Amino acid sequence: METTSLPALFLSHGSPMLALEDSPAGRFLDGLGTALPRPRAIVVASAHYMTPAPAVGAAAAPATVHDFGGFPAPLYALQYPAPGEPGLAAEVAARLDAAGLATTVQPTHGLDHGVWVPLRRMYPQADIPVVPLSVNPLADAAAHFALGQALAGLRAEGVLVIGSGGFVHNLGDLDWQHRDVPLAPWAAAFSSWMHEKLASHDWAALLDWQAQAPHARHAHPTTEHLMPLFVALGAGGTDPEVEVLHRSHELGTLALDAFAFR
């Protein structure tokens with residue numbers, strides 16, 4: 001991996017237990033932070049920060065939000081006390097406004113598990129400022145791609161732009177009894193199509209994924225976990241190179257693939 005510039009990243013964060021459990025995806029994230037140039041700040045578009053129009057969190061000391069239920073008690077004790085950066089949040093909002101994407105700044109918004117779970121493994125010291133960015137589950141891939149494009153210039157300023165979601169994400173079809181079974185055929189078909197289109201730079205097909213990808217709505221009954229991929233893709237630049245950083249899956253259908261765009 002190059003060390004001279006920051007890519008934009010798409011990371012699949014999976015279950016909140018990724019913060020505690022040993023897994024291929026967790027071990028990948030453990031090494032990712034040191035493999036990248038150290039950012040001065042991080043902007044994360046999270047599947048769990050959903051608003052009807054773009055919004056950015058500007059808390060100086062954002063809270064660690066445990067936005068889930070039914071997990072072991074040690075998970076709720078975890079904190080990720082990274083500082084925020086209100087000035088960067090204002091810059092993000094200004095860049096989006098300039099691109100015609102009217103953006104709200106939310107001064108008290110915390111870090112949901114789509115933000116802090118992967119960052120806790122990448123940067124466990126929690127010493128890099130973090131700014132959360134929302135996705136809109138009612139907006140399409142093209143809208144999120146445009147959002148990312150408006151932020152592409154941040155990469156040259158030492159800001160790591162991350163989209164945190166899930167490559168295949170259908171919680172209703174998880175095989176809770178068998179963690180390490182093969183990926184279900186429908187999930188594998190969707191994953192393979194996405195990898196093929198990313199590798200061939202077929203952005204038009206990717207932006208039309210709901211109509212063109214096999215088993216699209218089975219892979220994503222709701223779209224919020226795939227939208228961060230398009231934010232990261234747009235933040236990679238006009239025609240970014242695509243690097244597959246990680247491929248793994250759990251519970252039969254939960255694909256945890258990760259990519260870099262630059």
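Biologist: Why is N136 called buried?
Modeller: N136 has a relative accessibility of 15%. Buried means under 20% relative accessible area, with over 50% called exposed and anything in between partly exposed (1.4 Å probe, protein chains only). So N136 counts as buried. Bear in mind that this is a predicted model, where local features need pLDDT of at least 70, side-chain atom pairs count only at pLDDT 80 or more, and totals for chains, interfaces and linings use all residues. Residues are numbered from 1 along each chain as its sequence is written, and side-chain values use heavy atoms, leaving out hydrogens and water.

Biologist: Where is N136 found?
Modeller: N136 sits in the loop between β5 (130-135) and α5 (141-150). Helices (H or I, at least four residues) and strands (E, at least two) are DSSP runs, numbered from the N terminus.

Biologist: Which residues is N136 in contact with, leaving aside neighbours within four places in sequence?
Modeller: They are T51, P52, A53 and H144; contact means heavy atoms within 4.5 Å.

Biologist: What makes helix α10 mostly covered?
Modeller: Nine of the nine residues in α10 (residues 227-235) are buried. Among them are M227, F230 and A235. Just after α10, G237 takes a positive phi of about 120 degrees.

Biologist: How many cavities of 30 Å³ or more does the structure hold?
Modeller: One. A cavity is a set of points on a 1 Å grid over the protein atoms alone where a 1.4 Å probe fits but cannot get out; lining residues have an atom within 4 Å of a point. About 30 Å³ of space lies in the largest cavity, volume being the space filled by probe spheres set on the points, which are joined across faces, edges and corners.

Biologist: Which residues line the largest cavity?
Modeller: L11, S12, A25, F28, L29, H246, L256 and A258. The largest share, three residues, comes from α1.

Conventions. 1 Å grid on protein atoms, 1.4 Å probe; cavity = no way out; pocket = protein on both sides within 12 Å on 5 of 7 lines; lining within 4 Å.
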